[in-house]
Every structure is written in C-alpha cells, then in structure tokens.
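Student: Can we go through this structure together? I keep meeting terms and I'd like to know what stands behind them.

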Amino acid sequence: MSASIYKLAANIIRRCDSKEGSIKSLVFGSRCVQKKKVYALVCETLKKRDLLQAVLDQSKLLSAEPKLSPTLALVLLYDFLLGKGICCGGPLKRIVHKHKIVLRQLYLQLHSQEPTATAASTAEGNISLPRYIRINVLKITKREAIRKFKELGYLYKRDGTISDRQLVDSMAPQTFQQDSDIPNLLIFPPGTNVTQTSLYQDGAVFLQDKASCVPAFVLDPPAGSSVIDACAAPGNKTTHLAAIMGDTGYG
C-alpha cells in the first residue's frame with residue numbers, strides 16, 4: 001500500500017466529516033485505481049474511530065508531529081495498530097514507528113477499558129482492577145523506579161499482602177505498592193495514567209496486567225536460555241522474559 005492511499009483515505013474521511021458526500025460516492029468517484037483498498041481502509045478506520053481518537057489524543061502525536069493531519073493520523077493508527085502495519089516506506093512509516101511504544105501501550109490500555117458484552121460484573125456492581133505497572137529492570141532498578149514515582153507525587157505503601165479486590169477498595173489516590181506475588185510489579189489505583197511520564201515514555205516501565213506477567217514468572221528461565229514466545233504481540237511477555245534472564249537469553 002502506497003503513501004498516496006493513506007492520504008486519499010484521510011481526505012475521504014475529512015470530506016465525509018464536512019458532509020461533502022457518502023464514503024462510497026467519494027471513494028468510487030475519485031480517480032484512485034485501488035478504490036476497494038481505500039474504501040476498506042476508510043470503513044475500518046471509522047469503525048474504530050473512537051478508540052483511535054483516544055489513542056491519538058493521549059499520545060499527543062499531533063503535537064509531536066505537526067505535519068500530520070488529524071485524519072491522516074487516524075488512518076495510519078488504524079493500519080499500525082489494527083491492520084497489517086504501515087505498508088509504505090518513507091516519512092509516514094518513520095513518524096509512526098518513532099512513537100510505536102507509546103502508541104501500542106496506549107492502545108492496549110484503552111482497548112482493555114472498552115466495555116464488552118462479557119465484562120465482569122457481580123451483584124455488588126462492576127469489578128475494577130488495579131493498574132499494574134511492571135518495572136523494566138533492564139533500564140532501571142526497582143529502587144530507582146520507586147524513587148521516581150515518589151518524586152511524581154505518589155506515596156509508596158509497603159504492605160503488599162492484601163487481595164486485589166481489597167486493594168481496589170482500600171487504595172487511596174496517588175498511592176502504590178509492590179505486588180505480593182510478582183517481583184518488580186507495582187500496583188496503582190484503577191485508572192492511574194502514567195503514559196505522559198518520562199518513566200513510561202523511556203521504556204523504564206510497562207503497563208502490563210498481572211495475568212500477563214504470570215507466564216514469565218512461572219517459567220523463570222535461567223540466564224542464557226533459549227525461549228520461544230509463540231504469541232508475541234505486542235511483546236510484553238517477551239520483554240519480561242528478557243528482564244528475568246538479564247538480557248542474556250535467546251528468543
């Protein structure tokens with residue numbers, strides 16, 4: 001897929017927003033040769049527009065890359081996060097890949113918060129889970145991470161022995177503590193957003209649910225091991241395995 005298709009799809013969305021015509025009339029009335037590809041890209045982007053817009057807003061991508069138009073950014077985010085990846089070379093691919101860690105983490109965070117038909121609920125109401133943040137010990141020590149979170153105004157509580165549900169009910173805002181099961185996994189109140197901090201943006205911490213941390217913790221591969229992650233996307237478990245092996249293994 002060439003850069004021109006992304007730009008045409010973005011222009012179609014902009015014109016639809018301006019009530020200049022329907023998607024079908026604008027696409028099939030254009031001079032584009034690959035009309036079916038453009039039509040599919042526009043439709044799929046619009047289906048996920050709310051989620052993609054949230055990723056775009058929270059990542060501040062448009063501020064960092066002022067040459068991107070809002071609709072072009074949405075189209076690129078769709079193909080990068082939900083499609084086949086950016087299928088052209090050049091500046092558009094470089095722009096997206098420069099911010100790929102933040103974009104993927106935000107997508108996972110926001111996607112997990114979308115309401116679904118199978119959302120867990122009880123007679124007491126919906127269950128909220130804590131925000132789990134894994135320290136990337138290949139970049140920072142646990143002590144340093146805790147110190148930096150304290151500098152950001154968070155209060156560290158040493159008691160990590162109560163259950164997740166009790167934790168949600170009892171944690172005060174701006175507090176955090178060590179998980180009682182998984183080393184280097186910190187627990188914050190539900191909805192805590194650290195995506196704008198240097199810790200997150202530099203890859204020193206990852207947003208990773210506790211359940212996602214269990215496989216690497218249970219496997220506990222020794223240094224120098226060869227490990228295959230057959231379902232690596234976006235790679236949180238893989239990076240967790242690398243951290244456990246001290247970046248000495250093979251994958």
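This is a predicted model: local features need pLDDT of at least 70, side-chain atom pairs count only at pLDDT 80 or more; totals for chains, interfaces and linings use all residues.

Student: Let's start with the whole thing. What makes up the protein in terms of helices and strands?

Tutor: The protein has 13 helices and seven strands. Of its 251 residues, 41% are buried.

Student: Why is Lys19 called exposed?

Tutor: Exposed means over 50% relative accessible area. Lys19 has 73% relative accessibility, so Lys19 counts as exposed. You'll find Lys19 in the loop between helix 1 and helix 2.

Student: What makes the phi of Lys19 worth a remark?

Tutor: Most residues other than glycine have a negative phi. Lys19 isn't a glycine, yet its phi is positive, about 60°. Lys60 is another residue other than glycine with a positive phi, near 60°.

Student: How do you know that the span of helix 6 agrees with what it should be?

Tutor: Take 1.5 Å times one less than the number of residues. For the 12 residues of helix 6 that gives 16 Å, and the end C-alpha atoms are 16 Å apart, so the two agree.

Student: What makes Arg14 and Asn11 a polar contact?

Tutor: The pair of N or O atoms has to be within 3.5 Å, with one able to donate a hydrogen and the other to accept it. The side chains of Arg14 and Asn11 make such a contact at 2.7 Å. Arg14 belongs to helix 1. Leaving aside neighbours within four places in sequence, Arg14 is also in contact with Glu20 and Thr71. Arg14 and Thr71 are 57 residues apart in sequence, but their C-alpha atoms are 6.4 Å apart.

Student: Last one: why can Phe217 be part of a surface patch?

Tutor: A patch residue needs over 30% relative accessible area. Phe217 has 36%, so Phe217 clears that cut-off. With Val214 and Val218, Phe217 makes a nonpolar patch of about 250 Å².

Conventions
Residues are numbered from 1 along each chain as its sequence is written. Side-chain values use heavy atoms; hydrogens and water are left out. Helices (H or I, at least four residues) and strands (E, at least two) are DSSP runs, numbered from the N terminus. Buried means under 20% relative accessible area, exposed over 50%, partly exposed in between (1.4 Å probe, protein chains only). Contact means heavy atoms within 4.5 Å. Patches are made of residues with over 30% relative accessible area and no salt bridge: like charges are joined within 9 Å, nonpolar side chains (Val, Leu, Ile, Met, Phe, Trp, Tyr) within 5 Å. Accessible areas come from the Shrake-Rupley method with a 1.4 Å probe; for residues, only the protein chains shown count as cover. A salt bridge is a side-chain nitrogen of Lys or Arg within 4 Å of a carboxyl oxygen of Asp or Glu.
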